[in-house]
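Below is a protein model to read from its overall layout down to single side chains. Keep the structure in view while following the text.

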Amino acid sequence: MDVSKIPSASLLDIIFEGRNKSYGAYELRTKYNKRLTTALIITASLAVLIMLISILGAKFEGPKKAVVIEAKDVELTNVQEEKPIEPPPPPPPKPPDPPKIEMAKFTPPKVVKDEEVQPEEEMKEIEELKEATISTINQEGIKDLGIVAPPVEDKGGVVAAPVVDDEDKVFQKVEIEAKFPGGDKAWSKYISREINRYIDELQDAGKAGTCVVQFIVDREGNISEVEALTMKGTKLAEICVNAIKRGPKWTPAEQNGRKVKAYRKQPVTFQIAEE
């Protein structure tokens with residue numbers, strides 16, 4: 001560049017003197033101010049447009065309603081202090097127990113050996129019972145002078161009447177029936193043996209069925225009054241009656257925990273085998 005052109009040349013011309021200006025850097029630096037101005041104008045235009053949109057939108061929405069805040073005075077009421085809950089009064093004291101009344105246990109008369117008598121079952125003398133209250137227990141206390149005795153707790157004790165031992169009474173129904181010694185199996189074995197002794201006669205008679213034999217077993221197990229209730233007059237009834245009469249003693253029946261004399265009905269079934 002000539003020295004005379006330097007004062008009128010721009011800074012870019014001086015910097016790019018002797019260089020390739022068509023490379024692109026020269027053009028970018030030359031048009032920098034123009035691009036900057038264009039960007040500022042576009043930014044300002046967008047800002048103005050946004051403001052106009054906001055203003056127009058506010059006008060179309062109409063006036064905003066004012067929010068009214070009411071301030072109310074707070075009134076403080078008198079706070080009442082809660083009274084403590086008083087505990088309930090204590091229950092009244094338990095009245096004293098009535099005085100114990102002298103009581104004497106009633107013991108039913110029973111003839112037993114002296115060594116078998118228990119102290120609590122010993123019968124009281126008549127003089128001891130004159131001023132004592134008859135009860136189911138023995139209790140020491142004051143004499144009964146018109147004072148009502150307290151109720152006695154019932155523990156299941158019952159003053160039983162003396163048992164009348166009637167040896168001649170024959171019971172129709174008992175708690176435990178008389179049975180053949182050894183039980184049902186021993187009875188089946190015994191009666192089967194007796195029937196087999198006369199099996200030919202039974203088959204010839206041709207009478208099959210069940211024969212019910214009734215008899216009495218006394219307290220010692222002895223058998224009496226043997227009779228057939230069904231199939232009377234048949235060979236089977238005869239064999240059954242004779243077998244019971246000739247048989248051993250039976251175990252006696254029991255009623256209320258003691259051996260008694262009672263009836264016993266024993267069925268015997270005989271069937272003829274088909275050939």
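**From layout to side chains**

From the N terminus on, the elements of the protein follow the order α-α-α-β-α-β-β-α-α-β-β-α-β-β. That makes seven helices and seven strands. The model is a predicted one. Of the 275 residues of the protein, 17% count as buried. The protein exposes about 23100 Å², and carbon and sulfur atoms supply 56% of that area. Among contacts between residues at least 6 apart in sequence, 71% join residues at least 24 apart.

Take Phe215 as an example. Leaving out residues up to four places away in sequence, Phe215 touches Ile223, Ser224, Glu225, Val226, Ile244, Trp250, Ala262, Tyr263, Arg264 and Gln266.

Gln214 is found in strand β4. Gln214 is buried, with a relative accessible area of 13%. Apart from neighbours within four places in sequence, the residues in contact with Gln214 are Glu225, Val226, Glu227, Leu229, Tyr263, Arg264 and Lys265.

Cys211 is buried at 0% relative accessibility, and Cys240 is buried at 1%. A disulfide needs the two sulfur atoms within 2.5 Å. A search of the whole structure finds zero disulfides.

Ile42, Leu46, Leu49 and Ile53 form a nonpolar patch on the surface, and together they have about 390 Å² of accessible area. Ile42 has its place in helix α3 (residues 32-61). With a relative accessible area of 48%, Ile42 is partly exposed.

The next topic is charge. Side chains of opposite charge can pair when their charged atoms come close. How many salt bridges are there? The count comes to five. One of them joins the side chains of Arg197 and Glu194, at 3.4 Å from N to O. Arg197 and Glu194 are three residues apart in helix α5, so about one helical turn separates them. Arg197 is exposed, at 54% relative accessibility, whereas Glu194 is buried, with a relative accessible area of 6%.

Another salt bridge links Glu201 with Lys235, and the closest N and O atoms are 2.8 Å apart. Glu201 lies in helix α6 (residues 199-205) and Lys235 in helix α7, so this pair ties together parts that are 34 residues apart in sequence. Both partners are partly exposed: Glu201 has 39% relative accessibility, and Lys235 has a relative accessible area of 23%.

Lys235 also meets Glu238 in a salt bridge, at 3.8 Å from N to O. Here the two residues are three apart in helix α7, so about one helical turn lies between them. Glu238 is partly exposed, at 40% relative accessibility. Elsewhere, salt bridges that share partners join Glu194, Arg197 and Arg246 into one network.

Backbone angles are the next detail. Most residues other than glycine have a negative phi, and most peptide bonds are trans. Glu225 has a positive phi, near 50°. Glu225 has its place in strand β5 and is exposed, at 56% relative accessibility. Asn256 has a positive phi too, near 55°. Asn256 is found in the loop between β6 (253-255) and β7, and is exposed, with a relative accessible area of 60%.

A last stop is another loop. Lys179 lies between β3 (170-171) and α5, and counts as partly exposed at 47% relative accessibility. Which residues does Lys179 touch, not counting residues up to four places away in sequence? They are Trp250 and Thr251. The C-alpha atoms of Lys179 and Lys249 are separated by 9.5 Å, while the two residues are 70 residues apart along the chain.

Key:
Residues are numbered from 1 along each chain as its sequence is written. This is a predicted model: local features need pLDDT of at least 70, side-chain atom pairs count only at pLDDT 80 or more; totals for chains, interfaces and linings use all residues. Side-chain values use heavy atoms; hydrogens and water are left out. Contact means heavy atoms within 4.5 Å. Patches are made of residues with over 30% relative accessible area and no salt bridge: like charges are joined within 9 Å, nonpolar side chains (Val, Leu, Ile, Met, Phe, Trp, Tyr) within 5 Å. Accessible areas come from the Shrake-Rupley method with a 1.4 Å probe; for residues, only the protein chains shown count as cover. A salt bridge is a side-chain nitrogen of Lys or Arg within 4 Å of a carboxyl oxygen of Asp or Glu. Helices (H or I, at least four residues) and strands (E, at least two) are DSSP runs, numbered from the N terminus. Buried means under 20% relative accessible area, exposed over 50%, partly exposed in between (1.4 Å probe, protein chains only).
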